[in-house]
Amino acid sequence: SVPLAFLGGIGAASRQGVLIKGSNFLEALSKTETFVFDKTGTLTEGVFHVKEICPKHMDADELLELTAYGEAYSNHPIAVSLREAYGKEIDGRRVETIKEYSGFGVRAYIDGRQVCIGNSKFMNRQGLFYQPVQAIGTAVHVAVDDQYEGYILIADVLRDDVKWTIHWLQKHQLEAVMLTGDNERVADDVAKQLGIDYVYANLMPEEKVDQVREFMESQMEEEKLAFVGDGINDAPVLALADIGIAMGGLGADAALEAADVILMEDEPSKIVNAIKISKGTIRAVK
Ligand code: ADP
Ligand code: MG
């Protein structure tokens with residue numbers, strides 16, 4: 001039977017906006033030494049703004065429109081942000097089929113033309129030449145019918161309470177690690193602002209799983225690992241980690257299902273509340 005203190009702990013956490021799906025996770029959290037964070041939508045808000053539009057042939061408005069159309073049916077934070085930046089209604093009749101390649105981008109038919117939208121890896125994979133970008137930001141490259149059309153540079157902002165959260169973890173000898181599918185410049189910039197020493201960039205969704213598995217294999221029996229993600233593309237990692245912590249607000253259904261702990265208000269600092277409750281509960285049970 002579950003000691004009453006566990007139920008009390010779960011109740012206290014839920015009143016603070018942290019949903020814990022079982023007393024085993026409360027116990028595991030008290031033994032967690034490593035917190036692995038996904039970047040986009042977790043450490044950052046997942047709301048990108050446009051920094052620069054660099055078209056090759058068309059004008060800037062056209063490139064933005066094409067990109068918003070290509071991203072019409074994706075729920076990736078990049079897609080949502082580009083549609084927001086475009087700001088106009090999307091005419092669904094102009095968009096044909098859309099396929100999303102997680103960790104890469106999307107491919108769509110717009111007005112009968114094939115449009116590829118995504119990162120440099122995606123352009124490489126399609127055999128398309130692209131313009132390398134030096135500025136810090138996430139470049140969304142666009143190609144139409146195999147012709148490179150330029151890129152849109154976008155950037156995201158840190159969540160308010162994340163610096164404080166990382167600092168708190170480190171002060172308590174808990175390790176903070178960042179994983180991201182985004183490029184190294186952006187990853188290093190975010191890590192530097194937050195004081196995170198362990199950064200892994202350019203990862204495909206499967207590579208995030210492999211990396212977390214590797215961390216788990218190298219930890220001691222008693223040690224636990226938590227993965228914190230926004231749920232876009234990372235349900236498998238949430239499921240694999242000893243404790244999967246998902247952002248509740250942005251989170252896709254699959255992620256909320258896969259997660260063990262849900263932060264209802266998308267506030268990373270709530271992890272600290274949960275850790276305090278878990279340690280308090282374990283002390284009360286012993
Ligand atoms: P993260 O690890 O930052 O959460 P993802 O694994 O979801 O990122 O995506 C990694 C990269 O793949 C993004 O930074 C972006 O370059 C590219 N990408 C993924 N989905 C899309 C999309 N719908 N449109 C454009 N680019 C995308
Ligand atoms: Mg993500």
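Which residue is the bridge partner of D38 in β9? L179 is that partner. Before going on, this is a predicted model, in which local features need pLDDT of at least 70 and side-chain atom pairs count only at pLDDT 80 or more, while totals for chains, interfaces and linings use all residues. Residues are numbered from 1 along each chain as its sequence is written, and chains are lettered from A and ligands numbered from 1 in the order in which they are written.

Some terms. Helices (H or I, at least four residues) and strands (E, at least two) are DSSP runs, numbered from the N terminus. Two strands count as paired if DSSP finds at least two bridges between them.

Back to β9. Strand β2, residues 32-38, pairs with β9, residues 175-179, in the parallel sense over 5 bridges. Another position on that pairing is F35, whose bridge partner in β9 is A176.

For angles here, axes are lines fitted to C-alpha atoms, for helices over the stretch in contact, and the angles run from 0 to 180 degrees between N-to-C directions.

Next, the other sheet. An open sheet of 6 strands has antiparallel pairing and the order β3-β8-β7-β6-β5-β4. Its edges are β3 (49-55) and β4 (95-101); each has a single partner strand, so one side of each is left without a neighbour in the sheet. Neighbouring strands of this sheet are turned against each other by 15 degrees on average, direction ignored. Within it, β7 (residues 138-144) and β8 (residues 147-155) run antiparallel and are joined by 7 bridges. V140 stands opposite I152 in β8.

Now the helices. The axes of α1 (residues 4-15) and α12 (residues 270-285) come within 9 Å and cross at roughly 165 degrees. That makes α1 roughly antiparallel to α12, since angles over 145 degrees count as roughly antiparallel, under 35 as roughly parallel, 65 to 115 as roughly perpendicular and the rest as oblique. The residues in this contact divide into 8 nonpolar, 3 polar and no charged. In these classes, Ala, Val, Leu, Ile, Met, Phe, Trp, Tyr, Cys and Pro count as nonpolar, Asp, Glu, Lys and Arg as charged, and the others, Gly among them, as polar.

α2 (residues 23-30) also packs on α12, at an angle of about 100 degrees with the axes 8 Å apart. α2 and α12 are therefore roughly perpendicular to each other. From α2, L26, E27, L29 and S30 make the contact; residues are in contact if their C-beta atoms, placed from the backbone, lie within 7 Å.

Last, ligand 1. Which of the 24 residues around ligand 1 come nearest? They are T40, H76, N119, G181 and D182, where near means a C-beta atom, placed from the backbone, within 6 Å. By class, the shell has 8 nonpolar, 11 polar and 5 charged residues.

How values were computed
Two residues are in contact if their C-beta atoms, placed from the backbone, lie within 7 Å.
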